[in-house]
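Here is a short report on a two-chain model. It covers the contact between the chains, then confidence, then strand pairing.

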Amino acid sequence: MNNKIVLKLKTPGFNSVEVLNETTFSNELNNTPPIWGLTQIRKITVIEDSGNVLTPEQKSNARLLSNISGCGKITTGIPPYLLGTFNIYFDDFRNISFTTGFNSNYGFGLYKFSGIASGFESYKLTDVNWLSQASGGVDFDEWTITIYKM
Amino acid sequence: MFDDFVSIAFNTGFNSNYDFGLYKYTGLANDFGDYTIAKIFWNAQALSDVDRDKWEIFLYKL
(Lines give C-alpha, C1' and ligand atoms only; values in the text may rest on other atoms or scores of the structure.)
Protein backbone atom coordinates (compact mmCIF):
# COMPACT_ATOMS: atom_id res chain seq x y z
CA MET A 1 0.00 0.00 0.00
CA ASN A 2 1.60 3.30 -1.04
CA ASN A 3 -0.15 6.52 -1.98
CA LYS A 4 -3.39 4.92 -3.05
CA ILE A 5 -5.70 1.99 -2.40
CA VAL A 6 -7.52 0.32 -5.29
CA LEU A 7 -10.70 -1.68 -4.74
CA LYS A 8 -12.56 -3.56 -7.47
CA LEU A 9 -16.15 -4.43 -6.69
CA LYS A 10 -19.21 -5.96 -8.26
CA THR A 11 -22.86 -5.23 -7.40
CA PRO A 12 -26.16 -6.38 -8.84
CA GLY A 13 -27.62 -3.97 -11.41
CA PHE A 14 -30.44 -1.52 -10.69
CA ASN A 15 -33.19 -3.91 -11.71
CA SER A 16 -31.74 -7.09 -10.22
CA VAL A 17 -34.10 -9.26 -8.24
CA GLU A 18 -31.43 -9.36 -5.50
CA VAL A 19 -31.78 -5.63 -4.80
CA LEU A 20 -33.82 -4.63 -1.76
CA ASN A 21 -36.00 -1.68 -2.81
CA GLU A 22 -38.14 0.60 -0.70
CA THR A 23 -40.10 3.31 -2.49
CA THR A 24 -41.75 6.32 -0.86
CA PHE A 25 -44.49 8.25 -2.58
CA SER A 26 -46.39 10.59 -0.29
CA ASN A 27 -49.85 12.00 -0.85
CA GLU A 28 -50.30 15.68 -1.50
CA LEU A 29 -50.90 17.50 1.75
CA ASN A 30 -52.12 21.11 2.02
CA ASN A 31 -51.03 21.80 -1.57
CA THR A 32 -47.54 20.46 -0.84
CA PRO A 33 -46.31 18.40 -3.81
CA PRO A 34 -45.89 14.69 -3.18
CA ILE A 35 -42.45 13.44 -2.23
CA TRP A 36 -40.87 10.67 -4.35
CA GLY A 37 -38.08 8.66 -2.82
CA LEU A 38 -36.29 5.36 -3.30
CA THR A 39 -33.78 3.54 -1.15
CA GLN A 40 -31.84 0.50 -2.29
CA ILE A 41 -29.50 -2.00 -0.67
CA ARG A 42 -27.22 -4.01 -2.96
CA LYS A 43 -24.73 -6.64 -1.80
CA ILE A 44 -21.16 -5.84 -2.79
CA THR A 45 -18.71 -8.52 -3.90
CA VAL A 46 -15.09 -7.43 -3.36
CA ILE A 47 -13.06 -8.66 -6.34
CA GLU A 48 -9.75 -6.94 -5.51
CA ASP A 49 -8.30 -5.12 -2.49
CA SER A 50 -4.85 -3.85 -3.49
CA GLY A 51 -3.69 -2.92 0.01
CA ASN A 52 -5.45 -5.76 1.79
CA VAL A 53 -7.11 -3.10 3.94
CA LEU A 54 -10.52 -4.74 4.36
CA THR A 55 -11.17 -7.38 7.00
CA PRO A 56 -13.03 -10.59 6.04
CA GLU A 57 -16.06 -9.24 7.96
CA GLN A 58 -15.98 -5.94 6.05
CA LYS A 59 -15.82 -7.80 2.75
CA SER A 60 -18.69 -10.05 3.76
CA ASN A 61 -20.88 -7.21 5.04
CA ALA A 62 -20.17 -4.73 2.23
CA ARG A 63 -23.29 -3.10 0.79
CA LEU A 64 -24.15 -0.29 -1.64
CA LEU A 65 -26.66 1.96 0.11
CA SER A 66 -28.62 4.33 -2.16
CA ASN A 67 -30.88 7.18 -1.12
CA ILE A 68 -32.58 8.75 -4.14
CA SER A 69 -35.08 11.61 -4.04
CA GLY A 70 -37.04 13.29 -6.81
CA CYS A 71 -36.83 16.86 -8.13
CA GLY A 72 -39.62 18.41 -10.18
CA LYS A 73 -43.23 17.64 -10.95
CA ILE A 74 -44.23 14.00 -11.12
CA THR A 75 -45.94 13.41 -14.47
CA THR A 76 -45.12 9.83 -15.44
CA GLY A 77 -44.86 8.19 -12.04
CA ILE A 78 -41.37 9.56 -11.43
CA PRO A 79 -39.99 13.15 -11.32
CA PRO A 80 -37.83 14.32 -14.26
CA TYR A 81 -34.67 14.76 -12.17
CA LEU A 82 -33.26 12.75 -9.29
CA LEU A 83 -30.73 13.44 -6.54
CA GLY A 84 -28.74 10.47 -5.34
CA THR A 85 -26.58 9.97 -2.27
CA PHE A 86 -24.65 6.71 -2.46
CA ASN A 87 -22.60 4.98 0.20
CA ILE A 88 -20.22 2.07 -0.30
CA TYR A 89 -20.60 0.65 3.17
CA PHE A 90 -18.11 -1.74 4.78
CA ASP A 91 -19.12 -1.18 8.39
CA ASP A 92 -20.38 1.66 10.59
CA PHE A 93 -16.86 3.14 10.80
CA ARG A 94 -15.59 2.59 7.29
CA ASN A 95 -17.37 3.72 4.11
CA ILE A 96 -17.14 5.85 0.97
CA SER A 97 -19.84 8.35 0.02
CA PHE A 98 -20.64 10.41 -3.05
CA THR A 99 -23.54 12.53 -4.29
CA THR A 100 -24.85 13.37 -7.76
CA GLY A 101 -27.83 14.45 -9.83
CA PHE A 102 -29.25 12.74 -12.92
CA ASN A 103 -32.22 12.40 -15.24
CA SER A 104 -34.78 9.81 -14.23
CA ASN A 105 -34.29 8.19 -17.66
CA TYR A 106 -30.49 8.09 -17.24
CA GLY A 107 -28.43 5.92 -19.56
CA PHE A 108 -26.13 3.04 -18.82
CA GLY A 109 -22.44 3.82 -19.11
CA LEU A 110 -19.28 4.62 -17.17
CA TYR A 111 -19.98 7.14 -14.40
CA LYS A 112 -16.99 8.85 -12.75
CA PHE A 113 -17.67 10.30 -9.33
CA SER A 114 -15.56 12.04 -6.67
CA GLY A 115 -16.16 10.78 -3.17
CA ILE A 116 -14.92 10.97 0.39
CA ALA A 117 -13.59 7.92 2.22
CA SER A 118 -14.29 7.66 5.96
CA GLY A 119 -12.34 5.42 8.32
CA PHE A 120 -9.46 4.78 5.90
CA GLU A 121 -6.99 6.84 8.00
CA SER A 122 -5.05 9.28 5.78
CA TYR A 123 -6.67 7.94 2.59
CA LYS A 124 -9.60 10.30 1.94
CA LEU A 125 -10.29 11.58 -1.58
CA THR A 126 -11.75 8.90 -3.80
CA ASP A 127 -12.25 8.34 -7.52
CA VAL A 128 -15.31 6.16 -8.03
CA ASN A 129 -15.74 4.58 -11.47
CA TRP A 130 -19.14 2.89 -11.73
CA LEU A 131 -19.74 0.93 -14.91
CA SER A 132 -23.52 0.76 -14.94
CA GLN A 133 -24.32 -1.79 -17.59
CA ALA A 134 -27.00 -3.92 -16.11
CA SER A 135 -30.26 -4.04 -17.99
CA GLY A 136 -31.76 -7.25 -16.70
CA GLY A 137 -32.52 -8.97 -13.46
CA VAL A 138 -29.34 -11.06 -13.41
CA ASP A 139 -26.78 -8.50 -14.60
CA PHE A 140 -23.98 -6.94 -12.56
CA ASP A 141 -22.35 -3.51 -12.38
CA GLU A 142 -18.56 -3.23 -12.09
CA TRP A 143 -16.75 -0.74 -9.86
CA THR A 144 -13.16 0.51 -9.58
CA ILE A 145 -12.49 2.61 -6.48
CA THR A 146 -9.20 4.49 -5.99
CA ILE A 147 -8.63 6.14 -2.61
CA TYR A 148 -5.79 8.68 -2.43
CA LYS A 149 -3.59 9.57 0.51
CA MET A 150 -3.73 13.28 1.38
CA MET B 1 -25.92 19.07 -12.90
CA PHE B 2 -24.67 19.45 -16.49
CA ASP B 3 -25.73 15.99 -17.62
CA ASP B 4 -26.12 12.53 -16.05
CA PHE B 5 -22.33 12.17 -15.82
CA VAL B 6 -20.97 15.65 -15.09
CA SER B 7 -22.05 17.44 -11.92
CA ILE B 8 -20.89 19.22 -8.76
CA ALA B 9 -22.34 18.34 -5.36
CA PHE B 10 -22.22 20.04 -1.98
CA ASN B 11 -24.17 19.77 1.26
CA THR B 12 -24.94 22.24 3.99
CA GLY B 13 -27.41 23.15 6.71
CA PHE B 14 -29.15 26.46 7.38
CA ASN B 15 -31.96 28.16 9.25
CA SER B 16 -35.34 28.14 7.51
CA ASN B 17 -35.24 31.97 7.78
CA TYR B 18 -31.83 32.13 6.11
CA ASP B 19 -30.42 35.47 4.92
CA PHE B 20 -29.36 36.66 1.51
CA GLY B 21 -25.62 37.06 1.10
CA LEU B 22 -22.49 35.39 -0.19
CA TYR B 23 -22.42 31.72 0.74
CA LYS B 24 -19.14 29.83 0.35
CA TYR B 25 -19.26 26.05 -0.03
CA THR B 26 -16.81 23.24 -0.61
CA GLY B 27 -17.96 20.53 -2.99
CA LEU B 28 -16.87 17.57 -5.07
CA ALA B 29 -16.87 17.60 -8.86
CA ASN B 30 -17.98 14.47 -10.72
CA ASP B 31 -16.35 13.57 -14.07
CA PHE B 32 -14.23 16.70 -14.61
CA GLY B 33 -11.07 14.66 -15.18
CA ASP B 34 -8.39 15.45 -12.58
CA TYR B 35 -10.38 18.40 -11.21
CA THR B 36 -12.15 17.02 -8.15
CA ILE B 37 -12.44 19.67 -5.41
CA ALA B 38 -14.81 22.60 -5.93
CA LYS B 39 -15.01 26.00 -4.23
CA ILE B 40 -18.48 27.43 -4.71
CA PHE B 41 -19.46 31.06 -4.18
CA TRP B 42 -23.23 31.54 -4.25
CA ASN B 43 -24.36 35.14 -4.04
CA ALA B 44 -27.98 34.70 -3.00
CA GLN B 45 -29.54 38.08 -3.68
CA ALA B 46 -32.82 37.36 -5.39
CA LEU B 47 -35.74 39.19 -3.87
CA SER B 48 -38.38 38.73 -6.53
CA ASP B 49 -39.40 36.42 -9.35
CA VAL B 50 -37.19 38.15 -11.91
CA ASP B 51 -33.97 38.45 -9.90
CA ARG B 52 -31.05 36.12 -10.38
CA ASP B 53 -28.44 34.69 -8.04
CA LYS B 54 -24.81 34.82 -9.12
CA TRP B 55 -22.41 31.89 -8.85
CA GLU B 56 -18.66 31.51 -9.17
CA ILE B 57 -17.27 27.99 -9.15
CA PHE B 58 -13.58 27.07 -9.03
CA LEU B 59 -12.45 23.50 -9.66
CA TYR B 60 -9.08 22.35 -8.39
CA LYS B 61 -6.75 19.62 -9.55
CA LEU B 62 -5.08 17.60 -6.78
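The contact draws 14 residues from chain A and 11 residues from chain B. Two residues are in contact if their C-beta atoms, placed from the backbone, lie within 7 Å. On the side of chain B that touches chain A, strand 1 (7–9) and strand 2 (21–30) of chain B each provide at least two residues. Strand 2 of chain B contributes the most to that side, with 3 residues. Strands here are DSSP runs (E, at least two residues), numbered from the N terminus. By class, the side of chain B that touches chain A holds 6 nonpolar, 3 polar and 2 charged residues. Ala, Val, Leu, Ile, Met, Phe, Trp, Tyr, Cys and Pro count as nonpolar, Asp, Glu, Lys and Arg as charged, and the others, Gly among them, as polar.

This is a predicted model: local features need pLDDT of at least 70, side-chain atom pairs count only at pLDDT 80 or more, and totals for chains, interfaces and linings use all residues. Residues are numbered from 1 along each chain as its sequence is written, and chains are lettered from A in the order in which they are written.

The model scores ipTM 0.85 and pTM 0.90. Chain B averages a pLDDT (the predictor's confidence in each residue, from 0 to 100) of 92, and 95% of its residues score at least 70. Among the elements of chain B, mean pLDDT is lowest in strand 3 (residues 35–44), at 95, and highest in strand 1, at 98.

| Strands of chain A | Sense | Bridges | Bridge partners |
|---|---|---|---|
| Strand 3 (residues 36–43) and strand 5 (residues 63–71) | antiparallel | 7 bridges | A:T39 and A:N67 |
| Strand 5 and strand 6 (residues 81–89) | antiparallel | 9 bridges | A:G70 and A:L82 |

Note on methods
Helices (H or I, at least four residues) and strands (E, at least two) are DSSP runs, numbered from the N terminus. Two strands pair if DSSP finds at least two bridges between them.
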